[in-house]
Amino acid sequence: MQTALIGNPNTGKTSLFNTLTNSYEYVGNWSGVTVEKKIGILSKTNGELIDLPGVYSLQPLSKDESVVINFLLNEPFTNILNIVDASQLERNLQLTLTLLEFGKPVHIGLNMMDVAKKRGIHINVNKLSSLLGATVTPIIARTGKGCLEMQKVLLDSTEKQPPLHIDYGPEIEGLIAELQSTFPMDISFPSRWLSLQLLEGNEQAFHFCRDWISDEQLRRQIESVEANLSFGSVKRNIFHTRKQWIDSVLDEVMEQDKIVQETGTAKIDRILTNRWLGIPIFLLFMYIMFMVTFDWLGTRLSDALDAFFSGPLTSVIMYMLDAIHANGFIKDLITQGIIAGVGGVLVFVPQIFILFFFISFLEDSGYMARAALVMDRLMERVGLNGKAFIPMIIGFGCNVPGVMAARTIEQPKERLLTVLLTPLMSCSARLPVYALFAGAFFTSHQSLVVFSLYVLGIAVALLLASIFSKTILKNEASLFVVELPPYRIPHGRTLWRSTWEKGKGFVRKAGTFIFGGSVFIWLLSYMGPDGINVPMDDSFLAMIGGVLAPLLAPLGFASWQAGASLLTGFLAKEVVVSTMNIIYHTPDTGSLQGILADHYTALSSYSFMVFILLYVPCVATVAAIKNEAGSRKWTLFSIGYALLIAYLLSFAIYQIGKLVI
């Protein structure tokens with residue numbers, strides 16, 4: 001059994017997917033979380049559950065929305081699980097009707113029953129099921145209430161379900177009959193449904209039918225009846241007919257309390273989305289997040305972990321190596337390469353997890369959608385809209401999913417512009433570098449310094465958006481529509497899983513990618529033209545870094561060590577810290593910070609962090625840009641412009657700073 005999970009954005013699809021498959025996919029209390037189909041196995045069965053991106057209709061406006069109609073047209077599956085927001089039933093049923101007309105068995109999960117109840121909405125579930133001709137199960141996906149019962153109904157149901165038939169009036173029914181006569185008999189879904197998709201102007205459906213009907217023929221058929229229609233166009237008449245049908249259903253199944261108090265969400269929104277207070281409040285939330293991550297809690301936990309790595313763990317490993325009589329090469333490789341390289345990154349895990357905890361909290365609480373809303377006015381001035389800010393926020397965790405999230409943007413040039421600018425957001429991989437240098441040179445103001453880097457990334461992205469949108473990527477005017485979910489206290493289990501899933505990628509990378517990179521970097525530092533076990537300054541690593549050193553001199557860090565670290569940072573930004581630990585042979589982070597104080601000043605260290613913030617994206621992000629932009633030219637452009645901007649801004653900071661200080 002293959003079940004397609006379909007619903008409007010932000011109706012709880014991914015939460016339901018996680019519950020039914022006993023797995024974890026990224027969940028957020030905002031729209032645009034799912035941008036491609038995901039397949040999971042229904043727990044205790046062999047059935048597949050296919051999570052598709054959220055859509056309001058089957059007419060795709062963006063790349064992610066086209067996934068749904070393409071799936072229905074081209075992929076084999078058994079039935080549909082349609083998740084519906086009980087508190088927004090009228091709007092959600094527009095999509096439900098088109099799914100019922102498709103002809104596959106449809107099972108409806110009536111989600112957010114708790115929200116509906118708070119809003120004074122009461123739904124007769126049995127009557128709704130009878131009128132729709134489909135099973136309806138009330139659920140609360142985020143807590144799992146009713147989900148197992150719905151899965152049982154889904155698995156036990158074997159009856160075929162006839163397609164829903166709505167009478168659209170004689171003119172449109174005549175058009176449907178004409179179109180049906182042009183289709184072959186062996187298509188795998190009702191020809192009536194396909195005809196309706198064509199009449200609604202679905203480009204994907206027309207592409208599917210291009211061998212059977214021409215654009216000109218379809219246009220003539222539609223124009224022949226539009227003069228006799230009540231609402232002008234065929235598309236509008238179909239919409240209004242469905243709306244009337246939905247209204248008649250709601251009259252029978254739904255009651256709403258006449259006196260409903262203003263919701264808590266509306267009261268909070270008056271402050272958080274205020275025209276003048278919105279952006280300052282967003283910046284305040286970010287500042288508090290960094291205060292906890294660095295000054296109040298994170299640094300203390302990282303120091304404790306650093307003491308463990310450099311003390312008991314290193315001692316135990318050295319004891320074991322002595323016990324097996326390991327030679328000097330193996331000892332150096334493990335202590336100076338692996339422990340220094342991997343351990344030097346892992347000590348920042350507490351700060352990474354605290355950062356992800358706050359991001360997950362803001363996502364699940366419903367605030368992130370508001371952040372996009374309050375930024376919309378500013379984004380519009382630079383040629384984007386608030387929806388482009390959502391991938392940038394995701395980029396704070398990792399640039400790769402941030403770049404992928406740009407698929408939700410409808411306008412192609414806005415989508416490309418967002419793909420190019422999202423890597424300027426300060427991802428978690430850069431955080432160890434910030435923590436290392438901020439801890440060494442700005443001990444009393446770590447959070448403020450890191451906060452300034454995050455804000456700088458946003459500011460540079462907005463400035464470049466303004467320039468690019470007026471020159472190389474001139475945009476058409478676009479409309480910003482965002483789903484504002486109700487505020488809610490994040491569910492503890494969901495919050496923990498979201499934090500863990502984000503953070504474990506960092507730990508996994510340390511155990512694989514950074515591990516391999518550390519070994520390779522140590523070997524480069526161990527070998528040179530004169531053989532092995534050469535002085536560090538005579539190693540291959542010093543030779544490679546030395547090529548860049550003169551170019552970096554105007555930025556304030558004219559050393560081969562800095563050049564080598566920046567080169568390895570292209571693999572992954574965390575590797576910059578691993579490389580420095582290996583180069584300087586330091587037993588712990590405190591010792592490394594002490595050595596850095598001899599090679600950098602506070603000004604040059606800030607210049608270095610700005611360069612790390614803006615210079616070339618990591619290799620994984622470059623691959624994501626290539627995939628989303630679909631162009632080698634734009635991929636190379638993303639690397640080139642970022643490197644140029646990083647160099648110019650670091651140059652300005654250091655050179656102007658020297659004049660001022």
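**Note on the domain contacts and salt bridges**

1. Arg-192 and Glu-173 are both buried. Here buried means under 20% relative accessible area, exposed means over 50%, and partly exposed lies in between (1.4 Å probe, protein chains only). The model is predicted: local features need pLDDT of at least 70, side-chain atom pairs count only at pLDDT 80 or more, and totals for chains, interfaces and linings use all residues. Residues are numbered from 1 along each chain as its sequence is written, and side-chain values use heavy atoms, with hydrogens and water left out.

2. The side chains of Arg-192 and Glu-173 form a salt bridge, 2.8 Å from N to O. This pair links distant parts of the chain, 19 residues apart: Arg-192 sits in helix H8, Glu-173 in helix H7 (residues 170-182). A salt bridge needs a side-chain nitrogen of Lys or Arg within 4 Å of a carboxyl oxygen of Asp or Glu. Helices (H or I, at least four residues) and strands (E, at least two) are DSSP runs, numbered from the N terminus.

3. The whole structure holds 16 salt bridges. One of them joins Arg-488 to Asp-364, with the closest N and O atoms 3.6 Å apart. Here 124 residues separate the partners: Arg-488 is in the loop between helix H22 (446-470) and helix H23 (492-511), and Asp-364 is in helix H16 (residues 349-365). Arg-488 is partly exposed at 22% relative accessible area, whereas Asp-364 is buried at 6%.

4. Asp-247 and Lys-243 also meet in a salt bridge, at 3.2 Å from N to O. Both lie in helix H11 (residues 234-253), 4 residues apart, or about one turn of the helix. Asp-247 is partly exposed at 26%, and so is Lys-243 at 30%. Elsewhere, Glu-216, Arg-219, Arg-220 and Glu-223 form a salt-bridge network.

5. The protein divides into domain 1 (2-156), domain 2 (170-256) and domain 3 (262-660). These bounds come from an automatic or database domain assignment. The centres of domain 1 and domain 2, over C-alpha atoms, are 24 Å apart. Contact (heavy atoms within 4.5 Å) involves 28 residues of domain 1 and 25 residues of domain 2.

6. About 2,500 Å² is buried between domain 1 and domain 2, with carbon and sulfur atoms giving 64%. On the domain 1 side, Gln-59, Leu-73 and Gln-94 lose the most area to domain 2, together 25% of what that side buries. Buried area is the accessible area (1.4 Å probe) that two parts lose on being put together, summed over both.

7. This interface has 3 salt bridges. It also has 9 residue pairs in polar contact, both at pLDDT 80 or more. On the side of domain 1 that touches domain 2, the elements giving two or more residues are helix H2 (63-74), helix H3 (89-100), strand S6 (121-123) and helix H5 (125-132). A polar contact is a pair of N or O atoms within 3.5 Å; within protein, one must be able to donate a hydrogen and the other to accept it, and residues adjacent in sequence count only if both atoms are side-chain atoms.

8. Glu-200 lies in the loop between helix H8 (191-199) and helix H9 (203-208). Glu-200 is buried, at 9% relative accessible area. Its side chain makes a 2.9 Å polar contact with that of Arg-242.

9. The disulfide count is 0, a disulfide being a pair of cysteine sulfur atoms within 2.5 Å. The sulfur of Cys-427 is too far for a bond, because the closest cysteine sulfur, in Cys-398, is 6.3 Å away.
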